[in-house]
Amino acid sequence: MMNRKSLEVWVGLFVAAGILALGMLAFKVGNLTTADVVDGYRVRANFDNVGGLKVKAAVTMAGVRVGRVTGIGFDNNKYQAVVTMDIDGKFKIIPEDSSASILTSGLLGDQYIGLEPGGSELYLKDGDVIRTTQSALVLEKLVGQVIFDRANEPGSVK
Amino acid sequence: MSTLRALGSIVINSVERLGRASMFLYEVITGSWELLRRFYLVVQQVYAVGVLTLLIILVSGLFVGMVLGLQGYNTLVKFGSANSLGLLVALSLVRELGPVVTALLFAGRAGSALTAEIGLMKATEQLAGMEMMAVNPVTRVIAPRFLGGVIAMPLLAALFSAIGVLGGHLVGVGLLGVDAGAFWSQMQNGVDYRDDILNGVIKSVVFGVVVSWIAVFEGYDAVPTSEGVASATNRTVVYSSLAVLGLDFILTALTLGDV
């Protein structure tokens, strides 16, 4: 067997490389850096239909990620979905009359929430509710509507 | 009647063996505390089972990643989503292939060596000799090897996954012309550090415990002859591989079930 010193060096190298690999997996492969919202504040929004929105989905403004969805619940009185989201503390000046809509990235991509700024001088703060919302586009409803409209056009086959 | 009796004896024997193995594991774990004072014994074993297994792990990880890149690209390009190649490679490696293939290689390379070493120590009465000198062979010989395996396995699995992702990058971006930015950004969007990476780490820790446990127990329990050591080594590889594949299904079902 080799002497103690070089053995310890090899084991040290091995452990360091292993931890480095874990670090690379967490930061480079995984989303440890982007997932966490730093000292954020929480706002809510009610939607008629959230479609395929999932917890941890992005909340964006002008395409830039400003937070993430932390919970999707159901309001028993209004029969609406309640989406709670954490907005990063860096984005403190979002007008309180901003509107939230559920959008899809690409044709088959994940759904996310897009915020459109309003004109108010008052800004969103912890516990606020975004009032103007636009639901997710449900493809089946859209197709149904197109077929319905075509059937009602004058001159269509009865 | 005799087949019935044979069945009964098989069941009784395997339950008895399982019981002995569990008591042995308890003894090893309680014996491990004393090793904190003599940690160099564990370091030696980390070298034997970890550093010496490194080469085969790195080479197989690189090639598994490269094959995943090629194979995944050919499938994804049919759906026009070759940009998701990074996600496919990373998820398959981190969640499944990393821990499982590492554990299988670990059982073949390190587990069999552990069993053969301990079995031979038993056959040449070195373990009995230690006991005569009032040295507990479980804390002196078995526990360091067990702990070495438990420490080395997650690190090896992490290295396997990391080098596999680089191999996928090499083939996907270097050879097949997938956009490097899309490769990494899709990967980072889709791989969650808690759901995917932590799960892979938990899996590899469980596999490390199971493979090391089987290896040291088979060695310690071997019939002290050359044939006995040979069949014990054989059993280590077969049982560890079966245990790893079976446990992998259970762990995946448990963690994917609630998503």
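Predicted model: local features only at pLDDT ≥ 70, side-chain atom pairs only at ≥ 80, totals over all residues.
On the chain B side, 29 residues take part in the contact, and they meet 26 residues of chain A. Three tyrosines stand out here: B:Tyr40, B:Tyr47 and B:Tyr193 supply 26% of the area that chain B buries against chain A, more than any other three residues.

Now for chain A by itself. Chain A is split into domain 1, covering 1–34, and domain 2, covering 36–144. Taken over C-alpha atoms, the centres of domain 1 of chain A and domain 2 of chain A lie 40 Å apart.

The C-alpha trace of chain B spans about 70 × 55 × 35 Å along its principal axes.

Two packed helices are described by the angle between their axes and the distance between the axes. Here are the values for each pair:

| Helix pair | Angle | Axis distance |
|---|---|---|
| Helix 4 of chain B and helix 8 of chain B (residues 193–220) | about 15 degrees | 8 Å |
| Helix 4 of chain B and helix 7 of chain B (residues 180–190) | about 50 degrees | 7 Å |

Start with helix 8. Angles under 35 degrees count as roughly parallel, and the angle for this pair is about 15 degrees, so helix 4 of chain B and helix 8 of chain B are roughly parallel to each other. Their crossing is right-handed. The residues of the contact of helix 4 of chain B with helix 8 of chain B come out as 15 nonpolar, eight polar and seven charged.

What about helix 7? At about 50 degrees, helix 4 of chain B and helix 7 of chain B are therefore oblique to each other. Helix 4 of chain B passes helix 7 of chain B in a right-handed crossing. From helix 4 of chain B, the contact uses B:Leu85, B:Gly86, B:Leu87 and B:Ala90, while helix 7 of chain B brings in B:Phe183, B:Gln186, B:Met187 and B:Gly190. Sorted by type, the residues of the contact of helix 4 of chain B with helix 7 of chain B are five nonpolar, three polar and no charged.

Notes: Residues numbered from 1 in each chain as written. Chains lettered and ligands numbered in written order. Heavy atoms only, no water. Domains from an automatic or database assignment. Axes fitted to C-alpha atoms, helices over the stretch in contact; angles between N-to-C directions. Helix = DSSP H or I, 4+ residues; strand = E, 2+ residues; numbered from the N terminus. Parallel < 35°, antiparallel > 145°, perpendicular 65-115°, else oblique. Left-handed = near helix turned anticlockwise from the far one by under 90°. Nonpolar A, V, L, I, M, F, W, Y, C, P; charged D, E, K, R; others polar. Contact = heavy atoms within 4.5 Å. Buried area = accessible area lost by both parts, 1.4 Å probe.
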